[in-house]
Amino acid sequence: MPRIRTIKPEFFTSLTIADLTAEQRLTFIGLWTHVDDAGRCVDDPRLIKAAVWPLDDRTAADIEIDLKALTESSLITRYTLNRKRYLAVTNWDEHQRINRPTPSKLPAPEQGDPSPPDPLNRDNGDSLSPHTQVSEGSPQERKGKEGNREGKGTPPPPRQSSDNLAVPQTGERNIADRMTDAFLERFRTGNAYSQRQVRKVIADALDNGTDPGDLWKAIERLGSLSKPVTANTLQFAFSEIRQPQNASNVIALPSGQQLTGTDAKVAGWMAIAEQLRQEGDSA
């Protein structure tokens, strides 16, 4: 049953939303009118397609791709209970203020388990195999690692401390794994970071030749600010950590020592005061 919902102006300036396609954004908005007053619904792309895209030439497989992107961006949570699939809009109370909400008849996310990688069970004949989600152990995710299609071969390296992240060891893919693990260990508590999303951003940056040390500083900056880790937010973080030092804020002392920041400002004002005193004495 469709429901009347509201949308905030901040939606259109959200960096997380900006990383989605127009179709994925509209599916997300459409979900608000489809879920119940607690932000929950049955996780079935066919039902969501019928509710949100009834007159458009889109398939349930297309909707599954949208839902996968929303999950990776931590905008929705998909879970199972008693072999039934459900989804819930993340931070629903922040999106909607509902007067006299109807209690939900569906289980809450904390009552269920995370959904398996495949969107639908093959046993029920409803598999969306042409567009199923890529599991963590897929050949695409294992690109650059040793091993065959059954996942055999050299296991991934153990988790490393963040102090050693800037030292490449066995290849960029292993660095991406280690950075992702270290980042989530430090910043996942209290933040809805998706391991798949964080790792994809890190791996893409390394593939583009980004220095691992600079990359770690950038994602560490995002984590300390509780910002989402996306391609766009990463660029903002890089712009902050790579800002050149303002030469006007650097004071060189006769001893050769340089003062920066607040020390430089204090020294500068003291020099001006001394100059004015000398001018007054000479007058």
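These questions and answers walk through parts of a predicted model.

The model is predicted, so local features need pLDDT of at least 70 and side-chain atom pairs count only at pLDDT 80 or more, while totals for chains, interfaces and linings use all residues. Residues are numbered from 1 along each chain as its sequence is written, and side-chain values use heavy atoms, with hydrogens and water left out.

Reader: How many helices and strands are there in the protein chain?

Author: Helices (H or I, at least four residues) and strands (E, at least two) are DSSP runs, numbered from the N terminus. By that count, the protein chain has ten helices and six strands.

Reader: What share of the 283 residues counts as buried?

Author: Buried means under 20% relative accessible area, exposed over 50%, and partly exposed in between, with a 1.4 Å probe and protein chains only. For the 283 residues of the protein chain, the buried share is 36%.

Reader: Is Thr27 buried or exposed, and which side chain does its side chain meet in a polar contact?

Author: Thr27 sits in helix 2 (residues 22-34). With a relative accessible area of 0%, Thr27 is buried. A polar contact is a pair of N or O atoms within 3.5 Å; within protein, one must be able to donate a hydrogen and the other to accept it, and residues adjacent in sequence count only if both atoms are side-chain atoms. At 3.0 Å, the side-chain partner of Thr27 is Trp53.

Reader: Which side chain makes a polar contact with the side chain of Asp43?

Author: Look in the loop between strand 1 (40-42) and helix 3, where Asp43 is found. Asp43 is buried, with a relative accessible area of 2%. At 2.8 Å, its side-chain partner is Arg78.

Reader: What do the buried residues of helix 4 pack against?

Author: Helix 4 (residues 60-72) has 13 residues, and its buried ones include Ile63, Leu67 and Leu70. Contact here means heavy atoms within 4.5 Å. The buried residues pack against helix 2, helix 3 (45-52), strand 2 (76-81), strand 3 (84-89) and helix 7 (195-207).

Reader: How are helix 8 and helix 9 arranged relative to each other?

Author: Axes are lines fitted to C-alpha atoms, for helices over the stretch in contact, and angles run from 0 to 180 degrees between N-to-C directions. The axes of helix 8 (residues 212-224) and helix 9 (residues 231-241) come within 9 Å and cross at roughly 110°. Angles under 35 degrees count as roughly parallel, over 145 as roughly antiparallel, 65 to 115 as roughly perpendicular and the rest as oblique. Helix 8 and helix 9 are therefore roughly perpendicular.

Conventions:
Expected span 1.5 Å × (residues − 1).
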